[in-house]
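These are my notebook entries on a structure that I looked through.

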Amino acid sequence: MPVHVLSEGAGPGAQVPKHLSCVSIALISTRTNCSDKTVKGKVLRKCPLVSSASGDFILKIIIQEEVSPPDASPQNPSINVILFGAIAKDFDGAVNQGRHPDGAEITDVVEAAGFTVGKSPTVQKDKLHPFNLLLRGDSACIYRSSSLSTEVSRKTKVPKYTYVGLGDLTAGSVVNVYGVVVFFKQPFKTRGTDFCSSLKITDQSNEKISCSIFCEKLEDHPKIYQIGDIVQLFNSSMTLVKTFGFSVMAFDGAVGGSMELRTSSRSFSFDQADRRKVEELRSWASDPSLLPPSPTMPLCDVQPKAYFDLTCQLLAKAPIDSTCTLLRVWDGTRSAYTLLKVIVQPDATEGPSSFPPERERLIANILVYDNHVECARQLKPGEFLRIYNLRAIPGSSKVPGLTSGQKELDHLAFHLHGGNAFGRGIRVLPEDCPDVQETKRVMEACPEDDEDEFSDLNDSELMEIWSTPPESIDAETSESVNTSCSSSTERRCDHDTHSVSLSEVKRSGPAGVHHVRVQLRSYEPQRLHQSLKLYCSKCSTLQEVPDDEMLAGLFSEASRDSGPFSPPAWAVSGQVNVPGNPPGSKTRTLGVHLSTEFMSKQLLFLMGSSLEEMFVLSSRYQNIVPVRSSGGQLTLLHPSAPFLFRGTRTYYGCERCSEAAVREPVRAGEGKILNEKIIAEALGVVPLHFVLLMKLELQDVSDSLHVFLWRNAEEFFGVSAEDAAANQEAQDIISQSMDSL
């Protein structure tokens, strides 16, 4: 073994063979008799291990004599040691450097034997010893031990490390710096053996310095999660190669955040002075005008054509082809837009191939391309991710796995394009990351299943609140419906419960679960959009969804009746232009009031608009609350009108249970996600939920039976009631399902 590790607590001389004598570095020359001689010194620097064209290994280290003899020349304190072959490879893996708990440096002390001496070709450049020590072959060996600095052994004060401000850097210097991250790229493979990561940092000097870090192992790269994180670069230049003594650490940049170090290096220093430095940078960077705005946003806030970063949990994944992988993710929020559905074979999916309807509505399908496919292969369902520079593409066409029945223009697709421009990439976040903890809290607030919401309703109550009467159809239409049913497609279930007749079901009473094989004789309502109802889980009532004619009347009446009022103290008032005016006509403006707390979330309180204008503006702004003036104050438009417009989706409140008032949503914490639930709570509105309700007449040879399809209607049709209320495609799926029966 060419590298010998000496026992703990023993100096190198304790186990070095006694017949070897140590010679001073200052006395080394080509005339030195190298037999039975050693050279001893502490390692100042270790360069990267390189491989020659012949496949041999070469490693250079610089050592310095710990205690020079009295007659030593002060011009030659250090010497290059060149290692060849196996000893180079073994030494590269054996060398260590770190910090004592008291803060002192732990250095490697080595003693080289079996060396030869050669002239140094770099003496004019590095100003080191004019000769090099060369170690190659079976006779070469190194005795190595780790030693605490003399400051620790003498129990004296540990020297402090000096950190240079970014405004004081000079070219070619090797320094210790702190900085706040303003841009970064995830590590990517170079053409050589290393991975490279790039970042740009700043500090109180407002200088912005770009750094490139080269390390062979991914775990040696800085673990940067987002803009605003803080990094410490120790013993580094601005083009960084992992060498002896180099380390990089990252910290959460939030004021009051954790001081946990993100590093895999054992070579670092962090004491109270470092802690104060991190706190100073956090306080300075808390001014939002100093750093670029964070591109991280939840799904509910994403707008078409946006580039954004997403914190999410991976639920399942599947390969589409050699250049594309599908990631199925969620973050506990729901997009205001209909998201692209990508169909893959269940046996090709890693993770669950299907989810309950309530969860399915919250899932986003992300298509990952090119170099990110290899990263996606390493991901495991259940992990929390941050996906950087994700693109939201409206009306995406030529999407792998897109079903022929989907209308591309009705969907929003998420793509992670190839390359690493703009920091594009994927990172797995640890469970204790603050952003992961916040995402988990949002997820825990999501209901697992909507079924419990309807538990207070029974069939007799449904009969009483069935608000769509049987429609009058002539004999010809009736015959057509029955004929269509008699030749319909057969729907089968996949359980093994014994089938019973309808007459047996009637005799068994209301309780129990039954498996029947029947024919659909008729269904109501014939106009399927009337199957959409609004349900209140608090008072267990169902009501009709107001039609556009009724809503247009409410908006028109509110616009005419608006009088003077005093805007709330928390609101910023202004005007917005209504797009789409005919050429040559005067531009129409409407009054708006913005929440000062959520201006970045585009929460608008809009008054004076028509229903048509509201639909136009809701495609441009994330959250719009229609309001009017009443009694000198702002109030919601009308109890029967939607209290919120989000994209193509509308949200209604229960008139019986709500105590509505125009109030500003309260920010519960930094990064709080503004969604329809928070807005409803602030406005004192108890939200109504869209549900599907149909009355079916079933028959078999024994009897006929009227049943309600409602609790499992979404599972039966494969679409959610909320989607059916917002887009035509979901309505078409329901129509096609009924036509096939």
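Which residue in β38 stands opposite Lys 695? I found that Lys 695 faces Phe 708 of β38.

Before going further, I noted that this is a predicted model, in which local features need pLDDT of at least 70, side-chain atom pairs count only at pLDDT 80 or more, and totals for chains, interfaces and linings use all residues. Residues are numbered from 1 along each chain as its sequence is written, and side-chain values use heavy atoms, with hydrogens and water left out.

Entry on the sheet. I looked up how β37 (residues 694-699) meets β38, and the two pair in the antiparallel sense over six bridges. Strands here are DSSP runs of E with at least two residues, helices are runs of H or I with at least four, and both are numbered from the N terminus. Two strands count as paired if DSSP finds at least two bridges between them. I then traced the open sheet of three strands, which has the order β26-β37-β38 and antiparallel pairing. Its edge strands are β26 and β38 (704-709), each pairing on one side only. On average, neighbouring strands of this sheet are turned by 25° against each other, direction ignored. For such angles, axes are lines fitted to C-alpha atoms (for helices over the stretch in contact), and the angles run from 0 to 180 degrees between N-to-C directions.

Entry on the backbone. I first recorded a general rule: most residues other than glycine have a negative phi, and most peptide bonds are trans. Where does a cis peptide bond occur? I located one joining Glu 524 and Pro 525, with omega about 0°. Pro 525 lies in the loop between β26 (519-524) and β27 (532-536).

I also noted two residues with positive phi. Asn 206, which is not a glycine, has phi near 65° and lies in the loop between β13 (195-202) and β14 (208-215). Asn 206 is partly exposed, at 47% relative accessible area. Buried means under 20% relative accessible area, exposed over 50%, and partly exposed in between (1.4 Å probe, protein chains only). Asp 370, also not a glycine, has phi of about 55°. Asp 370 sits in the loop between β20 (364-369) and α6 (372-378), and is partly exposed at 45%.

Entry on cysteines. How many disulfides does a search of the whole structure find? I recorded zero, a disulfide being a pair of cysteine sulfur atoms within 2.5 Å. Cys 141 is buried at 12% relative accessibility, and Cys 211 is buried at 2%.
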